[in-house]
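Please keep the sequence and the 3D view open as you read.

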Amino acid sequence: MGIDLPLIWAIIIAFGLMMYVIMDGFDLGIGILSPFVPAHEDRDTMVNTVAPVWDGNETWLVLGGAALLAAFPLAYSVILSALYLPLVLMLAGLIWRGVAFEFRFKADEGHKAFWDKAFAWGSYIATFFQGVALGAFINGFRVEKGAYAGGLFDWLTPFSLFTGVGLLVAYALLGATWLVMKTEGTLQQRMRGLARPVTVALCVIIGIVSLWTPYAHPEVAARWFSLPNLYFFLPVPLLVLVATALILRSLSRDSHAAPFLLTLLLLFLGYTGLGISLWPNIIPPGISIWDAASPPESLGFTLVGALFIIPFILAYTAWSYYVFRGKVRVGEGYH
């Protein structure tokens, strides 16, 4: 029995995208939450919590895109052709917020407000269009003769717009719970207060997406609700409810790290549900990872490089978070 190279590459890409959601999600969430924090000093503190690590978080997005090109070129060509506009807008938002991140510390008093707004808007745009792209991916793409056969605006649907809003809520919760862990005093209490309704909103959004997807796609409904699949997959929605309750409970107590860790669990469960719905298709609704894979020789050659570089990425990421662990207080930052 040989090694299933397409499966290994699918796991690597799924891992990279999940790492991106976890690690870039909370710093995008800080930008999403910044308009709700009136004090400039508090906004500085929020940004300082991610200042040493934020630009390394996009490594996982680059890894996922490069791995998709190397391992599944058909998926790369179809997905990028179908999602050209939302992905360009997402990248524009990431660039704009990156510029604002640096300039807001260097601007004079007359321009700080502008860069604060730019940082927030860049975060909103990047996150929203990530969510739109996700919704369009779930809906699937029309492929004919190995090429995308849909229109320029096929991605623009009520479902994709809803998932765009949903990802804003998810990243806002990641950002709020990250700040509960990394700050103290009035800013921490404000984040606790914001995180409670956002947690409930995210649970409702996950529920709506979980019902909307099988309603719109009979093949997804058959996978989830047929027997014995229902018995195997039922723990996922039940654990979503448990995780939501535990997040609310930890926010009402003097917990610092628990809300953030439980939020990571909640998003992982949502990611798991998405995987169950779409597996094994890398181009929904009907092209599997094996149909879209590169030749075995290419998969094997590139896998050697991936298995060499991924441990280094994990090591320097873990080291940077370890070095800059602990609370960040108002008026303090990393230099």
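Lys145 sits in the loop between β1 (143–144) and β2 (147–148); helices (H or I, at least four residues) and strands (E, at least two) are DSSP runs, numbered from the N terminus. Its phi is positive, about 55°, although Lys145 is not a glycine. Most residues other than glycine have a negative phi, and most peptide bonds are trans. Lys145 counts as exposed because its relative accessibility is 89%; here exposed means over 50% relative accessible area, buried under 20%, and partly exposed in between (1.4 Å probe, protein chains only).

Before going on, a word on the source: this is a predicted model, in which local features need pLDDT of at least 70, side-chain atom pairs count only at pLDDT 80 or more, and totals for chains, interfaces and linings use all residues. Residues are numbered from 1 along each chain as its sequence is written, and side-chain values use heavy atoms, with hydrogens and water left out.

Which bonds are cis? Pro228 is in the loop between α10 (218–225) and α11 (229–233).

Another cis peptide bond joins Trp279 and Pro280, where omega is about 0°. Pro280 belongs to the loop between α13 and β3 (281–283).

## Spans named in the record

An unreviewed UniProt entry places "transmembrane region" features at several spans, including residues 7–23 and 299–319. UniProt positions are given in the numbering used here, feature names are shortened, and annotations may be inferred rather than shown by experiment.

In the model, residues 7–23 are 100% helix and 0% strand, with the end C-alpha atoms 24 Å apart. Residues 299–319 are also 100% helix and 0% strand, and there the end C-alpha atoms are 30 Å apart.

## Charged pairs

Side chains of opposite charge can pair when their charged atoms come close. The structure holds 6 salt bridges, each a side-chain nitrogen of Lys or Arg within 4 Å of a carboxyl oxygen of Asp or Glu. One of them links Asp116 and Arg43, whose closest N and O atoms are 3.2 Å apart. Asp116 lies in helix α7 (residues 109–139) and Arg43 in helix α2 (residues 40–48), so this pair ties together parts that are 73 residues apart in sequence. Both Asp116 and Arg43 are buried.

Asp116 also forms a salt bridge with Arg104, and here the closest N and O atoms are 2.8 Å apart. Because Arg104 is in helix α6 (residues 84–106) and Asp116 in helix α7, the pair ties together parts 12 residues apart in sequence. Arg104 is buried, with a relative accessible area of 2%. Elsewhere, Glu144 pairs with Arg142, the closest N and O atoms being 3.3 Å apart. Glu144 counts as partly exposed at 47% relative accessibility, and Arg142 is partly exposed at 47%. Salt bridges that share partners join Arg43, Asp44, Arg104 and Asp116 into one network.

## A pocket beside the network residues

Rolling a probe the size of a water molecule over the atoms shows where empty space is left. The second largest pocket holds about 200 Å³ of space. Its lining includes Arg43 and Asp116, along with His40, Glu109, Lys112 and Trp121 among others. Helix α7 gives the most to this lining, with 8 residues.

On a 1 Å grid over the protein atoms alone, a pocket is an open set of points where a 1.4 Å probe fits, with protein on both sides within 12 Å along at least five of seven lines; lining residues have an atom within 4 Å of a point. Grid points are joined across faces, edges and corners, and a volume is the space filled by probe spheres set on the points.

The largest nonpolar core has 90 residues, of which Trp9, Phe72 and Phe141 touch the most other members. Such a core is a set of buried Ala, Val, Leu, Ile, Met, Phe, Trp, Tyr and Cys residues joined through side-chain atoms within 4.5 Å. Helix α1 (residues 5–33) gives the most to this core, with 14 residues. Leaving out residues up to four places away in sequence, Trp9 touches several residues, among them Phe72, Leu299 and Leu303; contact means heavy atoms within 4.5 Å.

Asp27 is in helix α1 too, and is buried, with a relative accessible area of 1%. Beyond residues up to four places away in sequence, Asp27 touches Val50, Trp54, Asn57 and Arg97. Thr263, in helix α13 (residues 258–278), is buried with a relative accessible area of 0%.
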